[in-house]
Number of protein chains: 2
Amino acid sequence: MSTKENRSTGNVEETNTAAAAGTRLDPWFNTYADRALGMKQSEVRSLFSVANRPEVVSLAGGMPNIAGLPLDFLADMTARLIRDRGTKILQYGGGQGEEELREMITEVMRPDGIRAHPDDITVTTGSQQALDIISEIFINPGEVVLAEAPSYVGALGTFRAYQASVVHVPMDEFGLIPERLEETILQLQRAGRPIKFLYTIPNFHNPAGVCLSLERRPQIVDICRRHHVLIVEDNPYGLLGFDGDPLPALQSLNPDGVVYLGSFSKTFAPGYRVGWALAPSAVTQRVLLANENALLCPTTFGQLSIAEYLKTYDWYQQVKEYRQVYHERGAAMQRALKTHLPMCEWNQPDGGFYTWVKLPDGLDAQSMLPRAVTQLVAYVSGTAFYADGNGHDHMRLSFCYPTPEAIEEGVRRLSVVVQNELEVVEMFGVKGSQTKPPRNIEMPEPDLK
Amino acid sequence: MSTKENRSTGNVEETNTAAAAGTRLDPWFNTYADRALGMKQSEVRSLFSVANRPEVVSLAGGMPNIAGLPLDFLADMTARLIRDRGTKILQYGGGQGEEELREMITEVMRPDGIRAHPDDITVTTGSQQALDIISEIFINPGEVVLAEAPSYVGALGTFRAYQASVVHVPMDEFGLIPERLEETILQLQRAGRPIKFLYTIPNFHNPAGVCLSLERRPQIVDICRRHHVLIVEDNPYGLLGFDGDPLPALQSLNPDGVVYLGSFSKTFAPGYRVGWALAPSAVTQRVLLANENALLCPTTFGQLSIAEYLKTYDWYQQVKEYRQVYHERGAAMQRALKTHLPMCEWNQPDGGFYTWVKLPDGLDAQSMLPRAVTQLVAYVSGTAFYADGNGHDHMRLSFCYPTPEAIEEGVRRLSVVVQNELEVVEMFGVKGSQTKPPRNIEMPEPDLK
């Protein structure tokens with residue numbers, strides 16, 4: 001009730017809501033649901049506007065490089081679809097998504113070791129919407145969601161909107177640490193706090209860039225099975241390993257205990273906004289109901305365009321070309337970091353879009369960002385990837401969208417900023433106090449060098 | 001807590017959840033959020049599968065007739081878009097939607113008397129998703145949403161998912177009755193129950209087919225303004241009046257007090273899944289945050305396809321052609337009803353997709369439906385459009401999708417079913433007891449002849 005009291009006295013600054021632009025100037029301010037007061041502007045969005053300025057080298061966004069798409073092929077294919085099947089593809093479809101696409105999705109998941117039935121797949125508006133639905137059907141306000149430390153900013157925003165209490169579990173260079181996961185579960189169980197699910201990105205983690213090792217996969221699955229914790233496995237980057245096919249999905253190790261989220265946004269194109277959830281059959285019933293409540297049905301046009309692409313184009317070859325592009329850009333990022341930012345520490349991802357960079361002691365990625373933008377380079381502050389105030393000492397640097405030359409130039413600009421910051425710190429002392437302590441349970445910083 | 005107790009004893013049948021397929025066979029049954037237990041399968045969806053069987057004449061669905069779309073034009077236009085702007089339209093966009101489309105949407109709303117700024121528009125995945133977002137940001141569990149009696153089944157499903165308490169307000173042939181609206185508001189205020197918004201479909205109501213009269217529009221707006229009740233104005237059919245331009249939108253009478261929902265699903269094509277919310281500026285901030293949490297951004301492909309269509313095709317002429325088609329089909333429905341169902345009562349809509357038909361005393365639309373399907377005709381039972389158990393004495397008959405010949409044949413088949421039912425009733429007496437009394441506050445049946 002404290003938020004309500006604050007609302008009625010207009011004492012907005014003392015609530016969580018300041019960032020959500022609620023003020024007394026909004027005549028409907030006292031009408032919002034409690035959950036709306038917890039929503040805040042994503043750091044990613046603030047960065048979209050900056051990143052779009054052409055003079056800025058953006059190492060911030062997660063936009064895939066789709067310049068390599070076969071546009072002529074897609075133009076012809078789509079025109080043919082509209083001409084031949086227009087009254088089908090422009091009409092409403094079923095709430096679960098088109099069977100034609102769901103069948104192809106079972107093929108797309110085969111490299112992950114997944115053997116699925118189309119009936120267990122629900123097509124969503126990007127995997128972000130699947131995250132929203134999973135949150136909607138599982139999270140009561142105040143209940144716990146486990147997530148890696150750090151975790152995907154878009155997932156944290158959704159969990160916050162459903163008033164979840166996010167508890168982070170540490171990672172190292174082999175991904176989520178099984179022992180720490182089990183410790184955390186036991187601690188929460190002792191405290192009587194129900195855990196709704198573990199949200200994890202096993203492959204080429206966003207933002208940490210690491211991959212859950214082959215050895216740990218059955219361990220994580222086994223811990224969750226023993227403690228009856230559902231796993232939500234988010235896998236947008238799985239096919240984008242630099243060196244070949246992916247490790248087996250957690251879903252393949254325990255289909256009844258995992259909701260697997262997939263997306264065409266990184267392996268094909270995000271503009272269609274098509275993703276999916278593969279869930280245990282009983283859960284699928286609820287996913288489908290929530291999907292219909294949310295938007296009746298996913299876009300028929302987008303779905304059947306993608307189905308046609310998968311059927312008539314060598315899509316896996318396209319994925320391999322993407323891999324090559326990102327491999328080159330990932331290598332350019334490593335070279336640039338070695339050349340220009342030797343005072344930082346970072347990891348060496350084997351796929352995906354991101355490098356997770358630790359700043360020298362005393363530097364704060366969040367407060368440094370405006371100075372970086374002045375130097376015409378952008379990144380995402382590590383704070384975006386924590387629900388508990390951590391992350392000030394990290395930056396996420398993306399290598400997906402900028403060319404190798406732009407990556408080199410961006411990191412060079414960043415080095416000027418970091419160097420300036422270091423000089424300030426040397427002159428005035430370390431200002432490490434900006435890093436807030438975690439709120440929920442004690443947990444150390446992830447070690448992701 | 002009663003649902004929880006029922007869950008732990010497995011006593012599913014005694015909760016609201018039976019329809020949602022939750023059973024002890026679902027290992028995650030005790031993990032769901034409370035709101036997931038209130039979701040139930042939409043009557044519309046159950047009907048999709050029936051309606052799709054070719055031998056059935058479906059008077060059930062709300063699928064627009066898109067056979068008249070200029071497919072060759074759209075094929076060429078889309079191919080050109082992909083070739084010329086492929087890396088834009090297949091990429092992520094902003095969470096509020098493409099400015100190019102939002103500008104065109106301000107044009108599309110002009111016939112409704114709306115003067116809007118593109119900044120106050122948020123593009124959504126159909127207007128259904130706008131409904132979901134509005135519910136998310138306004139409704140705490142147990143709070144009241146006002147809706148016409150009857151109201152749109154898809155909205156009721158969403159309100160239920162957010163655990164709203166829907167209170168129906170009666171309509172007559174001129175739409176929502178202002179006096180009854182004010183009475184209801186006062187009654188609820190006296191009972192200390194906060195009202196989150198009035199959900200209303202002023203134009204060519206779904207399912208009732210009526211239009212809110214010109215005289216009543218300022219009255220409804222004034223009542224809501226005086227009592228500080230937000231209006232959510234859902235207007236998918238506004239441009240589809242048989243005889244010309246629409247009446248002024250409620251939004252145009254009080255832009256700060258109305259969230260207006262629009263859609264391209266009925267005036268262009270539903271397969272893109274593009275709709276929008278026009279909200280007061282402060283509310284737009286939250287709509288946008290919720291939209292990003294839900295799906296990052298709407299489909300760029302769909303949005304820019306529609307923007308291009310609006311810019312390069314005479315879209316209003318296309319709307320006029322749609323009007324003509326629906327006018328003919330609406331007239332065919334009236335003729336068929338007069339010929340075959342003189343024992344029923346119905347209204348004569350001036351636009352939109354639906355006729356609301358009252359059955360003779362003693363007949364029950366819900367229990368009659370399986371018998372209708374046996375006669376190869378489908379409709380939606382009136383019960384789908386009430387949150388309080390009413391509607392057994394009504395059917396919604398759609399005239400949007402079937403041809404005039406199919407409408408005639410469908411109503412003829414229906415007359416056989418009704419005649420059979422009447423004979424049963426005459427033989428065994430009236431079984432009116434199947435109509436449950438309203439749950440919330442006393443309210444009479446709408447009079448919609």
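**Cis prolines, positive phi and the A–B interface**

P207(A) sits in the loop between β6 (195-200) and α9 (216-226) of chain A, with helices (H or I, at least four residues) and strands (E, at least two) taken as DSSP runs numbered from the N terminus. The model is a predicted one, so local features need pLDDT of at least 70 and side-chain atom pairs count only at pLDDT 80 or more, while totals for chains, interfaces and linings use all residues. Residues are numbered from 1 along each chain as its sequence is written, chains are lettered from A and ligands numbered from 1 in the order in which they are written, and side-chain values use heavy atoms, leaving out hydrogens and water.

Chain B has a cis bond to report as well: A149(B) to P150(B), with omega near 5°. P150(B) falls in the loop between β3 (144-149) and α7 (153-161) of chain B. Most residues other than glycine have a negative phi, and most peptide bonds are trans. H228(A), not a glycine, has a positive phi of about 50°; its place is the loop between α9 and β7 (231-234) of chain A. At 41% relative accessibility H228(A) counts as partly exposed (buried is under 20% relative accessible area, exposed over 50%, partly exposed in between, with a 1.4 Å probe and protein chains only). In chain B, L296(B) has a positive phi near 65° and lies in the loop between α11 (281-295) and α12 (300-312).

Turning to the strands, four of the five residues of β11(A) (354-358) are buried. β11(A) pairs antiparallel with β10(A) (345-346) over two bridges, where pairing takes at least two DSSP bridges between the strands. Five bridges join β11(A) to β14(A) (394-398), again antiparallel, and T355(A) has L397(A) as its bridge partner there.

As for the interface, 92 residues from chain A and 92 residues from chain B are in contact (heavy atoms within 4.5 Å). The area buried between the chains is about 7,900 Å², with 59% from carbon and sulfur atoms; this is the accessible area (1.4 Å probe) lost on putting the two parts together, summed over both. On the chain A side, W28(A), Y92(A) and R286(A) lose the most area to chain B, together 11% of what that side buries. Four salt bridges cross the interface (a side-chain nitrogen of Lys or Arg within 4 Å of a carboxyl oxygen of Asp or Glu). D76(B) and R83(A) meet in a salt bridge at 2.9 Å, N to O.
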